[in-house]
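The paragraphs below lead from one part to the next.

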Amino acid sequence: MTEDLDTLPPAPVLETDRLLLRPFTAEELDAVAAGEPQEQFAPGFPTPEDVDFARESLVAGGYFFTETVYARMAVVEKSSGQVVGTAGFVGPPIDDELEVVGSLSARRRGLGYAAEGLEALLRVAFADPAVRGVRASVPQDNAPAEQTLRAAGFVHRPTPGLETDYVLPRPA
């Protein structure tokens, strides 16, 4: 990472047909880290993965992980106004690639939300001319995530370990 944190663009608010992806508030991040349900959180949110993300963000000081263009954001279902998951990037580009990450509460899976959020994130990623590709690592037992990535044009990239790596090169 060669960018100065002070010069990073702020986290955007992304809107799709059914979702808003927006930065977490400080209060929400604290609640997620504690695994505490809130009125604006959908049943099943936060997931254990979300709790880990929030705790790591707070230990790191929060800013980089919650307030920049490379943030992991709250996924808000427009129809209910509830936070139903998280989506965003792991950090700034490494070797000219961004890594995308996300999760949804169990009751919101299978509705096409992952594909919708991923499409919005890809627009952000490829708006940066320095980004040559977007990658994602998926546990080998997560077939729905793999299907979502393949449908978006990601291709498998062999890597050692317990996760399957996918990459989407910059569109021509």
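This is a predicted model: local features need pLDDT of at least 70, side-chain atom pairs count only at pLDDT 80 or more; totals for chains, interfaces and linings use all residues.

Leaving aside its neighbours within four places in sequence, Leu21 is in contact with Pro12, Val13, Leu14, Met73, Ala74, Val75, Ala87, Gly117 and Leu121. Leu21 belongs to the largest nonpolar core, which has 32 residues. Together with Val100, Leu121, Val134 and Phe154, Leu21 is among the residues with the most contacts inside that core. At least two residues of this core come from each of β2 (19–22), β3 (72–77), β4, β5, α4 (113–127), β6 and β8. The helix α4 gives the most, with eight residues. Apart from this core lies another, of twelve residues, including Leu29, Ala31, Ala33 and Ala74. In soluble globular proteins, nonpolar side chains tend to be buried together.

The strands can be considered next. Eight of them form an open sheet of mixed pairing, in the order β1-β2-β3-β4-β5-β6-β8-β7. The edges are taken by β1 (14–15) and β7, each of which has a single partner strand, so one side of each is left without a neighbour in the sheet. Strands of a sheet pair through backbone hydrogen bonds, either parallel or antiparallel. Between β3 and β4 the sense is antiparallel, with six bridges, and Met73 stands opposite Ala87 in β4. Both Met73 and Ala87 are also among the contacts of Leu21.

Strand β6 (residues 133–139) pairs with β8 in the antiparallel sense over seven bridges, and Glu163 of β8 is the bridge partner of Pro139. Strand β7 (residues 155–157) also runs antiparallel to β8, joined to it by three bridges. Here His156 has Tyr166 of β8 as its bridge partner. The hairpin of β7 and β8 has five residues between the strands, and within the hairpin Gly161 takes a positive phi near 115°.

Helices lie across the sheet as well. Helix α2 lies across β3, β4 and β5 and runs at about 130° to β5. Helix α5 (residues 143–151) lies across β6 and β8, at about 160° to β6.

The helix α2 also meets α1. Their axes come within 7 Å and cross at roughly 120°, which makes α1 oblique to α2. The crossing in which α1 passes α2 is left-handed. From α1, the contact is made by Leu29, Asp30, Val32 and Ala33, and from α2 by Asp50, Val51, Phe53, Ala54, Arg55, Ser57 and Leu58. Leu29, Val32 and Ala33 are also among the buried residues of α1, which are Glu28, Leu29, Ala31, Val32 and Ala33. Just after α1, Gly35 takes a positive phi of about 70°. In the loop between α1 (26–34) and α2 (48–59) lies Pro46, and a cis peptide bond with omega of about 5° joins Phe45 and Pro46.

Most residues other than glycine have a negative phi, and most peptide bonds are trans. Asp95 has a positive phi near 50°, and Asp96 has a positive phi of about 65°. Are these two residues buried or exposed? Asp95 is exposed, with a relative accessible area of 65%, whereas Asp96 is partly exposed, at 34%.

Glu97 is found in strand β5. Its relative accessibility is 17%, and because residues under 20% are classed as buried, Glu97 counts as buried. Leaving aside neighbours within four places in sequence, Glu97 is in contact with Pro92, Gly133, Arg135, Arg157 and Val167.

Conventions
Residues are numbered from 1 along each chain as its sequence is written. Side-chain values use heavy atoms; hydrogens and water are left out. Helices (H or I, at least four residues) and strands (E, at least two) are DSSP runs, numbered from the N terminus. Buried means under 20% relative accessible area, exposed over 50%, partly exposed in between (1.4 Å probe, protein chains only). Two strands pair if DSSP finds at least two bridges between them. A nonpolar core is a set of buried Ala, Val, Leu, Ile, Met, Phe, Trp, Tyr and Cys residues joined through side-chain atoms within 4.5 Å. Contact means heavy atoms within 4.5 Å. Axes are lines fitted to C-alpha atoms, for helices over the stretch in contact, and angles run from 0 to 180 degrees between N-to-C directions. Angles under 35 degrees count as roughly parallel, over 145 as roughly antiparallel, 65 to 115 as roughly perpendicular and the rest as oblique. A crossing is left-handed if the near helix is turned anticlockwise from the far one by less than a right angle, and right-handed if clockwise.
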